[in-house]
Amino acid sequence: MRFIDIAYVQEPEGFVDKVAAAMAAGEAKIGDHSVVWRDCKENLKSASHKKCFYCEMQDSRSDGTVDHYRPKSKYTWAAFRLSNFRFACTFCNSRRTDKATGEVGGKGDDFPLLDENRRATCEAEEVNEYPLLLDPCRVADPIQIDFHTDGSAVPKYTNEDDVRKIRAEKSIKTYHLNHSQLTEARRRLAIELSEKISTAERALPNCTADNAAALELFENAVLDLQRAIKPEAELSVFARRVLQTQRNNPLVDEVLATA
């Protein structure tokens, strides 16, 4: 999960008029006006470089969908609010069972609060809520999730009484961030990054004016490392975390400083 500034997502053409028509139709007709959020999908995808807001994967198995961070079934007034829309892959957004582990995940209509007694009944009351699900569109939320190099997502904060740990644990489970296919993709990426570092280190001593092959090998390996942590790369937050574990390596430190 990386921060997505939803304020920069543009409204599609005709958005205001469609929202007005949907609101006028009433709460019972919300589902009849799904075009409002569906029209926003491409702009949302562009904001995240076509990656799911929650897991940072470009889901090749589906076209993705527009998730309502606050579910429209519980927060009808937020059903047509662009700032409530998130681009999400099937596994993060829909209830699915991980065949490898039996673990059930996917957000669906889940939206737990730290204190259920403070659930909002109108837009003005949202400020009183403390959502347990981390929001990729709130700058301090994504950093509450960390990773191990084996590919698993874990809470960054480990104190049992820390609400940030509670939120991270709930979000990892709800967004299915430890789905076996996803953790395997991260694990493989960690291996690839380690191999690129080794390749660059082996080539570096031979990078002389008369050894173009070694220089090319070195530059390509470093370029691959830099590309892996760019915002547009899949799992780029995880990739950066993997490299940060080797920051005492001068080569890795330079990659992190220049990418």
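## Contacts and overall make-up

Two residues are in contact when heavy atoms of theirs lie within 4.5 Å. Take the contacts in this chain with a separation of 6 or more: 64% of them link residues 24 or more positions apart. This is a predicted model, so local features need pLDDT of at least 70 and side-chain atom pairs count only at pLDDT 80 or more, while totals for chains, interfaces and linings use all residues. Residues are numbered from 1 along each chain as its sequence is written, and side-chain values use heavy atoms, with hydrogens and water left out.

Along the principal axes, its C-alpha atoms fill a box of roughly 75 × 45 × 35 Å.

## Surface and charge

How much of the chain is buried? Of its 259 residues, 46% are. Here "buried" stands for under 20% relative accessible area, "exposed" for over 50%, and "partly exposed" for what lies in between, using a 1.4 Å probe and protein chains only. The chain exposes about 13,600 Å², and carbon and sulfur atoms supply 49% of that area. These areas come from the Shrake-Rupley method with a 1.4 Å probe, and for residues only the protein chains shown count as cover.

Now for the charges: there are 37 positive and 42 negative ones, and their mean positions are 3 Å apart. Lys and Arg count as positive, Asp and Glu as negative, and His and the chain ends are not counted. Each charge is placed at NZ of Lys, CZ of Arg, CG of Asp or CD of Glu.

Helix H9 covers residues 250-258, and Leu251, Val252, Val255 and Leu256 are buried in it. Look down the axis of H9 and these buried residues fall within an arc of 135°, so they line one face of the helix. That arc is taken from the directions from the helix axis to the C-beta atoms. On the face turned away from the buried side sit the exposed residues Pro250, Glu254, Ala257 and Thr258.

What covers the buried residues of H9? The cover includes helix H6 (180-203), helix H7 (212-228) and helix H8 (236-244).

Histidine 179 is in the loop between helix H5 (163-174) and H6. Its relative accessibility is 5%, so histidine 179 counts as buried. Its side chain reaches the backbone nitrogen of glutamine 181 at 3.1 Å. Leaving aside neighbours within four places in sequence, histidine 179 is in contact with Phe91 and Asp98.

Histidine 176 is in the loop between H5 and H6 as well. With a relative accessible area of 3%, histidine 176 is buried. It also has a positive phi of about 60° although it is not a glycine. Most residues other than glycine have a negative phi. Leucine 235, in the loop between H7 and H8, has a positive phi too, of about 55°. Leucine 235 is buried, with a relative accessible area of 5%.

## Buried spots in other loops

Serine 48 lies in the loop between helix H3 (41-47) and strand S1 (65-68). Is serine 48 buried or exposed? At a relative accessible area of 4%, it is buried. Its side chain reaches the backbone oxygen of lysine 51 at 2.5 Å. Further along the sequence than four places, serine 48 is in contact with Ile4, Phe53 and Phe87.

Threonine 76 is in the loop between S1 and strand S2 (85-88), and counts as buried at 19% relative accessibility. Not counting residues up to four places away in sequence, threonine 76 touches Glu27 and Ile30. With the side chain of glutamate 27, the side chain of threonine 76 makes a polar contact (3.0 Å). A polar contact is a pair of N or O atoms within 3.5 Å; within protein, one must be able to donate a hydrogen and the other to accept it, and residues adjacent in sequence count only if both atoms are side-chain atoms.

Leucine 132 lies in the loop between strand S4 (104-105) and strand S5 (145-147). At 11% relative accessibility, leucine 132 counts as buried. Beyond its neighbours within four places in sequence, its contacts include Pro112, Leu113, Ile166 and Lys170.

Key. Helices (H or I, at least four residues) and strands (E, at least two) are DSSP runs, numbered from the N terminus.
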